[in-house]
Amino acid sequence: MAALQTSSLIFSSSSSKTIVNAAIHVPKLPKIRFTVPKTTPTTLPKQLDQELSFKEGFKNLNTTTTPYKSYEKSNSSTVTAQLYAILEAVDDRVVMHDNIGEQRENWNTLLLNSINMITLTATTMAGVAATCVPGMPILALKLSSALLFSAATGLSLVMNKLQPSQLTEEQRNAARLFRQLQRQLQTLLALRSPTEEDVKDAMEKVIALDRAYPLPLLGAMLEKFPEKYEPAVWLPSKKSQKVQRTSLAKRNNGWSEELEEEMREIIQVIKNKDLEDYERLGNIVLKVNKVLAISGPLLTGVAAISSTFVGNGAWWGVMAATTGALASAVNSFEHGGQVGMVFEMYRNCGGFFKHFEESIKTTIEERDLEKRENGELFETKVALKLGRSLSQLRDIAAKSASSRANGTAVDEFASKLF
């Protein structure tokens, strides 16, 4: 019995021992998991306090020692907001010029069709009245023909004074130039922060474009029949600086003496070939437009007078019908052929070359080379605007230099686009 009790005790103790070991073995994992926070209960808050105090001290240092930077930042944001306001105004002007251009193009079509229909109807009436047998009542035909010819004369005077095709071309050019200014401002805002000088320059360009291409007709319309051809001017004039030649043997900001001489030769070619040619063509178109603008109303006026005498002789009817047909042809050629638009196109092309010449001259007259646009980039832009490659641009400059040295004229235009 004693042996059995002893063995049962040993068995129970051993089984309880294994149970205790299992109970002790299970909670070891969570104890290992919480060893880190138990071993460093005081050091972590101390580190956090040190980091927070360091950051607060750094913030205080920044706010107390750099007040100028905060002022500069606020000033820069104000300038940027001003430039964005100008950009919104430019976008609004693009829409306005597009809409008014479409409206004035409709004017040209509707007025031309109306005048031609009135003139041809009056001519037909005058011809029918002239073929009537003497004694027949033709007063109604004569009166109607005279009134229609008179109406065509008045409409022709108004249309020739306004030149709707030229007005349409003005609005097209204005919309194109405002889009160009819009892209320039967007590029400036994307590349760098604007300055007050950028805002002032943008404002001057907007005002100059408004002056060059006015929206209203009464009191602000451009002269459609000037005494002579003059290129369009749509950018503010800049005072040229006196040139001080500096040594450019060493390339500086992409510029060299050879590049400056090349740009000067390009200016000479533009002035002597492109501008002169557009001036000659512009004067020719201006004279033709003047003759047509006078001939149309004059012919319809003669037809109106002749139609009142139809029936008193054969020649009155012939004169009324002939002058009426000629007036219709003249109006169709002037406004259907858009002679006024051609004149405005030549004027705008001349203005483009005039502005292009001034921009090159202003760039190479800038004394500080670092303030200039990069020379290689500027040369590339000049070549693209003239429709040439870089090698072709250098060839035309070399040809101009050799021609001037020999006392001859260059036989080639600077631009291959216009």
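Reply: G154 is partly exposed, because its relative accessible area is 33%, and partly exposed means between the buried limit of under 20% and the exposed limit of over 50%, with a 1.4 Å probe and protein chains only. G154 lies in helix α6, residues 139–162. Helices here are DSSP runs of H or I with at least four residues, strands are runs of E with at least two, and both are numbered from the N terminus. G154 and G301 are 147 residues apart in sequence, yet 9.0 Å apart in space, C-alpha to C-alpha.

This is a predicted model, where local features need pLDDT of at least 70 and side-chain atom pairs need 80 or more, while totals for chains, interfaces and linings use all residues. Numbering starts from 1 along each chain as its sequence is written, and side-chain values use heavy atoms, with hydrogens and water left out.

Now step back to the whole chain. It has 13 helices and 0 strands. Of its 418 residues, 34% count as buried. Take contacts (heavy atoms within 4.5 Å). Among those with a separation of 6 or more, 83% join residues 24 or more positions apart.

Next, the inside. A nonpolar core is a set of buried Ala, Val, Leu, Ile, Met, Phe, Trp, Tyr and Cys residues joined through side-chain atoms within 4.5 Å. The largest one has 55 residues, and M263, I266 and V382 touch the most other members. Helix α9 gives the largest share of this core, 12 residues. Beyond its neighbours within four places in sequence, M263 is in contact with W255, I360, I364, F378, E379, V382 and L393. A second, separate core has 6 residues, including A122, A126, F149 and A320.

A320 is also one of the buried residues of α10. Others in that helix include G317, T323, G324 and A327. Helix α10 has 23 residues and reaches 33 Å from first C-alpha to last, close to the 33 Å expected; that expected span is 1.5 Å times one less than the number of residues. Just after α10, Q338 takes a positive phi of about 55°.

F309 sits between α9 (257–308) and α10 (314–336). With 35% relative accessibility, F309 counts as partly exposed. Together with I305, W316 and M319, F309 makes a nonpolar surface patch of about 360 Å².

Definitions and conventions. Patch = residues over 30% accessible without salt bridge, like charges linked within 9 Å, V, L, I, M, F, W, Y side chains within 5 Å. Areas by Shrake-Rupley, 256 points an atom, 1.4 Å probe, with all protein chains shown as cover. Salt bridge = Lys/Arg side-chain N within 4 Å of Asp/Glu carboxyl O.
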